[in-house]
Amino acid sequence: MPRERRDLASRYASRSEKGWAIAVRLATPETIRNLQRALYQRAKQAPLQRFYSLYDKVYRRDILTHAFALCRANGGASGPDGVTFESMDEAAAEVMLTKVSEELRGKTYRPGPVRRVYIPKANGGERPLGIPNIVDRVVQTAAKLVLEPIFEADFESDSYGFRPRRSAHQALKAVGESVAAGMSWAIDADIKQYFDSIPHDRLMKVVATRVVDSSMLALIRMFLAAPIIDMREGGGPRRPTAGVPQGGTVSPLLANIYLHLLDRSFRKRTEKGDLEGRLIRYCDDFVLLTRHPPTRELTWLQRLMGRLGLVLHPDKTRIVDTRRESFDFLGYRVRRRARRQWVLDISPKSLARIRERLRGPTRLTFKPVEALVSEVNAYIRGAREYFRLSPWWSRRRLDSYVQMRFAQWFRRKHGQKFPMWSRVSGDRIHREDGVLAWAPVQPWSQNTAWAP
């Protein structure tokens with residue numbers, strides 16, 4: 001998967017803006033598939049079963065080798081040790097895998113520190129991102145390969161984030177279908193600093209409901225307690241007391257495991273008749289949709305968050321009457337179009353982010369047009385795929401914006417006084433220069449609105 005696709009997915013599909021890499025789809029070796037299938041079936045058939053022998057699977061050579069392939073395909077920056085995938089040839093990788101397998105087998109493995117960097121947010125703030133060393137990413141991925149099928153057997157059907165064969169598009173379609181079916185009230189929720197707030201002890205208790213292998217539990221605890229190196233705080237290692245490192249490959253699974261308590265509690269309450277509606281979650285982004293004003297559901301949600309040691313953001317959590325207001329979810333805006341039709345459109349924040357991303361390369365005129373087109377196309381290809389659920393006319397406006405940026409670029413490139421509209425008019429910019437179109441298909445072939 002090209003890097004631009006990973007970047008976009010990490011900002012929208014994975015968590016809207018979290019900046020995490022997603023797992024690349026590589027063929028899983030049959031031996032690992034058989035193990036995962038067996039673990040899943042045992043967990044599904046026996047919801048109360050606890051697993052005693054898992055740690056020895058983590059240091060299996062086939063699992064470590066596949067974990068390394070997944071990490072290398074995702075790429076990413078170096079951790080505190082400065083080692084990158086580009087600097088590691090096949091021989092070095094073999095040495096690393098042999099060493100870490102022996103350390104895991106002998107229980108002498110200790111995760112290295114996590115390098116903390118900050119990525120800009122759309123509102124002007126920053127979000128911390130933890131980057132482990134490559135070897136620690138590999139071990140985390142190996143642990144994830146073993147643990148994931150067990151907890152997959154427990155997860156609810158309306159949980160879509162960081163799960164096999166599930167996507168942000170499925171979550172968005174579920175929201176649109178629910179609203180169109182008459183669930184016109186929504187709790188647009190936001191958990192305040194979720195990934196930095198997860199209590200370690202409570203998380204480990206949830207993991208221990210399925211896993212009683214003490215060595216595996218100790219390994220997970222080591223991941224959580226890995227020291228953080230933050231140059232803004234002097235660069236010295238600091239032990240976290242809560243949270244999961246954003247950037248660790250096992251972190252999305254752990255985050256899902258903890259918020260599964262939310263999904264499970266809501267299902268049980270609705271089965272009893274205490275609550276109504278549908279809770280659709282993508283990791284820590286979720287909406288709760290009902291047919292009536294959800295004051296009772298909001299009260300329950302606030303109490304449950306308190307029991308989990310989490311806090312709903314007071315300024316970003318609100319009750320929405322979707323017949324009169326819109327709300328944003330995973331980079332899209334859910335809004336009423338006409339009568340009882342609803343549409344998923346690109347949210348204003350996403351539009352601003354897209355325009356800024358396109359504005360960057362078109363500011364510079366030193367590169368040839370072929371290089372500029374290649375860079376712009378790389379971004380459009382990924383962003384267009386993610387926002388393909390939006391209406392044709394919405395994406396068509398982005399085509400107009402691209403034309404405007406190229407007209408300005410040609411003006412500066414050739415020292416002209418006015419934008420060179422003739423150079424980009426019609427489909428010339430697509431036909432002659434090869435710039436990808438945001439809306440390459442006709443509107444009558446799109447099905448972007450939901451109606452009951």
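Author: Let's settle a term before anything else: a cavity is a set of points on a 1 Å grid where a 1.4 Å probe fits but cannot get out. Its volume is the space filled by probe spheres set on those points. Bear in mind that this is a predicted model.

With that in hand, the structure holds one cavity of 30 Å³ or more. The largest cavity comes out at a volume of about 40 Å³. Who lines it? The lining of the largest cavity consists of Pro111, Gly112, Val114, Pro132, Asp136, Gln140, Phe223, Ala226 and Pro245. Sort that lining by class and you get six nonpolar residues, two polar and one charged.

Now for the packing. Two packed helices are described by the angle between their axes and the distance between the axes.

Phe223 from the cavity lining is a handy way in, as helix α10 covers residues 214-225. Helix α10 packs with helix α9 (residues 200-208) at an angle of about 150 degrees, and their axes are 11 Å apart. Angles over 145 degrees count as roughly antiparallel, so α9 and α10 are roughly antiparallel to each other. Their crossing is right-handed. On the α9 side, the contact is made by His200, Asp201, Leu203, Met204, Val207 and Ala208, and on the α10 side by Leu217, Ile220, Arg221 and Leu224. By class, that contact has seven nonpolar, one polar and two charged residues.

Next up is the pair α14 (residues 369-386) and α15 (residues 392-413), whose axes come within 13 Å and cross at roughly 160 degrees. That angle makes α14 roughly antiparallel to α15. Here too, α14 passes α15 in a right-handed crossing. Val369, Leu372, Val373, Val376 and Ile380 of α14 make the contact with Val402, Phe406, Trp409 and Phe410 of α15. What classes do these residues fall into?

Last, look at α2 (residues 30-45) and α4 (residues 61-74), which pack at an angle of about 105 degrees with their axes 9 Å apart. Since 65 to 115 degrees counts as roughly perpendicular, α2 and α4 are therefore roughly perpendicular to each other. Thr31, Ile32 and Leu35 in α2 meet Asp62, Ile63 and His66 in α4.

Methods: Residues numbered from 1 in each chain as written. Predicted model: local features only at pLDDT ≥ 70, side-chain atom pairs only at ≥ 80, totals over all residues. Heavy atoms only, no water. Axes fitted to C-alpha atoms, helices over the stretch in contact; angles between N-to-C directions. Helix = DSSP H or I, 4+ residues; strand = E, 2+ residues; numbered from the N terminus. Parallel < 35°, antiparallel > 145°, perpendicular 65-115°, else oblique. Left-handed = near helix turned anticlockwise from the far one by under 90°. Contact = heavy atoms within 4.5 Å. Nonpolar A, V, L, I, M, F, W, Y, C, P; charged D, E, K, R; others polar. 1 Å grid on protein atoms, 1.4 Å probe; cavity = no way out; pocket = protein on both sides within 12 Å on 5 of 7 lines; lining within 4 Å.
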